[in-house]
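Okay, thanks for coming, everyone. Let me put the structure up and walk you through it.

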Amino acid sequence: MKPPVVFAIGNPSRGDDALGPHLLARLEAWLAEQGRADEVELIEDFQLNIEHALDLEGRRLALFIDAGTGTPAPYTFTRLQPAPDLGPSTHALEPGAVLRVFHQTCPGAAPECFVLCVRGERFELGEGVGEAAARYADEAWGLLQKLIARPDPSMWSEVVQLIGA
């Protein structure tokens, strides 16, 4: 079985859209400090594409990290369900659409997938991460450390229930 995979989606040149890559870089450094760099696969991209479904093969756990407009502050953490359809484009997909592509094209069971969406407010080209979004990312970092410390789908499901309550 392959290790858990963490996808970070976002454009570092578009303000708060950099939150996913920012958290992934922080996670990469933390894993290296802990001597656990080989226990989690990290994937960063500007957007999700149908090919990312292949990155789910042979795994039991996946996490998608992204910034969202309109996301309740500071973040949401949810279990991912396959999208009902792929939408108008297969060029840029939502995480649920990637999971749908997996179900349509890949043999075997899909991993348990979760989404950590951090509230973003400013997404202008050439801007840095805003102060509010940086605070939200710091709060999300605490959760991300707990999740990666125990990469167990059952525990992550319990966290979803606690946060959603």
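Predicted model: local features only at pLDDT ≥ 70, side-chain atom pairs only at ≥ 80, totals over all residues.

Residues are numbered from 1 along each chain as its sequence is written, and side-chain values use heavy atoms, with hydrogens and water left out.

So, the largest pocket holds about 300 Å³ of space. Pocket here means an open set of points on a 1 Å grid over the protein atoms alone, where a 1.4 Å probe fits, with protein on both sides within 12 Å along at least five of seven lines; lining residues have an atom within 4 Å of a point. The volume is the space filled by probe spheres set on those points, joined across faces, edges and corners.

There are 16 lining residues, and Ile9, Asp66, Ala67, Glu94 and Pro95 sit closest to the centre. By class that's nine nonpolar, four polar and three charged, where Ala, Val, Leu, Ile, Met, Phe, Trp, Tyr, Cys and Pro are nonpolar, Asp, Glu, Lys and Arg charged, and the others, Gly among them, polar. Strands S3 (61-68) and S5 (112-119) each supply at least two of the lining residues, and S3 gives the most, three. Strands are DSSP E runs of at least two residues, helices H or I runs of at least four, numbered from the N terminus.

Now the loops. Pro74 is between S3 and strand S4 (75-79), and a cis peptide bond, omega about 0°, joins Ala73 to Pro74. Gly108 is in the loop between helix H2 (95-105) and S5. Buried or exposed, Gly108? Exposed, because its relative accessibility is 62%; the cut-off is over 50%, with a 1.4 Å probe and protein chains only.

Notes: Buried < 20%, exposed > 50% of the residue type's maximum accessible area, 1.4 Å probe, protein only.
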